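Open the model in your viewer and keep the selection tool at hand. The tour moves from one selection to the next.

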Amino acid sequence: MPPVASEFPEDIPDQPELVTLRREEGGLVWLTIERPDVMNCLSFPTLKRLRTLCAELREDLSIRCVLITGAGEKAFCAGADLKERKTMPPARVPDFVRNIRRTMDDVESLPQPTIAVVNGFAFGGGTELLLACDLRVAAAHAQFGLTETTLAIIPGAGGTQRLPRLVGRSRAKDLILTGRKLDAVEAERIGLVNRIAPAGKLAETALELARTIAENGPVAVRAAKAAIDQGCEEPLAKGLETEARCYERVLPTQDRLEALAAFAEKRRPRYQGR
C-alpha cells in the first residue's frame, strides 16, 4: 500500500492538530475532528490527517475499538469544506473527491470495530463518514442528511451505496433524492443509528458499547467483522464459505483456549489477542 501522503497534492500540509488521537484503557482509541468553528467539516488537510491515522491504526492490533467523533457539541461533521471548495482550482476537485471517498473506504476497512459518536449535525460527508463506521451512537439533538442534491451534486463518498445497504433502497432514495434532514429518533427507527444516548451521556454511552466489544476475544471480533462485511456482499453460499474461512482464523488462537479454561474455572477470560 503506498504512503497516504503520496495520494495527495504535494502542497497539502500535514496538520496533526486537525484530527487528534486519544487512547483509553482497554485498547480503545478516540479520533476527534478538531474543527468546531466550521462544524468539523472536511478540508484537504483534514482528510490527509484522517487517512494517515487510519493507516497507523490498521497496523496496531492492540487497539480493540475505534471511536470517531467531532469536537464540541454542535457538529459531528458537516461534510466537505465548502469554503475551501469554492476557492479550489477546478483541476483539483477530482483529487479532493477521490480522497474523501478513500477516507471513507479507509475507515470502513479498519480491522477493528469502529463507532461513530454523533454529537450534533452530520450532513453530506459527515453522514457518509458515520455510514463507513460499524456502529453509530447519537446524541438526542443529532441531525443527519445526505443533502448533496440540494447543492446540485450527489453523494460522492459512498453515500449512494452504503445508505441503501443499511436502511434499504427505498428509504435511501427518499433521503438522497429529497436531500431532507432527519433527527435522531427517525435515524434510530430506520436503522441508521444503533443507540440514542441520554442527555449529557453521549461519551459514556459510546464507551460502554466500546468496552463491551473490547471485552470479547479481539481476534474473534475482527474475524466476525470481516465475515459480515465480506459475506454480506456475496450470495449466501459464498458468504457461508467466507464465514468458514473467518472461523478458521480463531481456531488456533490462545484466546480460544483461554475462553474454555475460564469457563471451566468459572472466571472472566483474560484475552490477549493471540
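Leaving aside its neighbours within four places in sequence, which residues is Thr 242 in contact with? Select Thr 242 and look: Ala 227, Gln 230, Gly 231 and Glu 234. Contact here means heavy atoms within 4.5 Å.

A word on the model before moving on. This is a predicted model, in which local features need pLDDT of at least 70 and side-chain atom pairs count only at pLDDT 80 or more, while totals for chains, interfaces and linings use all residues. Residues are numbered from 1 along each chain as its sequence is written, and side-chain values use heavy atoms, with hydrogens and water left out.

**Stay on Thr 242.** Thr 242 sits in helix α10 (residues 236–250). Helices are DSSP runs of H or I with at least four residues, numbered from the N terminus. Thr 242 is buried, at 1% relative accessible area. Buried means under 20% relative accessible area, with exposed over 50% and partly exposed in between, using a 1.4 Å probe and protein chains only. Now show its side-chain polar contacts. One of 2.6 Å links Thr 242 to Glu 234. Another, of 3.1 Å, links Thr 242 to Arg 245. A polar contact is a pair of N or O atoms within 3.5 Å; within protein, one must be able to donate a hydrogen and the other to accept it, and residues adjacent in sequence count only if both atoms are side-chain atoms.

**Next, the cysteines.** Select Cys 246, which is buried at 6% relative accessibility. Its sulfur lies 11 Å from the closest cysteine sulfur, in Cys 232, so the two are too far apart for a bond. Move to Cys 65, buried at 0%. Its closest cysteine sulfur is in Cys 133, 9.7 Å away, again too far for a bond. The disulfide count is zero, taking a disulfide as a pair of cysteine sulfur atoms within 2.5 Å.

**Then the core.** Select Leu 42, Phe 76, Val 118, Leu 130, Phe 144, Leu 163 and Leu 192. These have the most contacts inside the largest nonpolar core, which has 51 residues. A nonpolar core is a set of buried Ala, Val, Leu, Ile, Met, Phe, Trp, Tyr and Cys residues joined through side-chain atoms within 4.5 Å. Helix α1 (residues 44–58) gives the largest share, six residues. A second, separate core has 17 residues, including Ala 139 and Leu 202.

Technical notes: Helix = DSSP H or I, 4+ residues; strand = E, 2+ residues; numbered from the N terminus.
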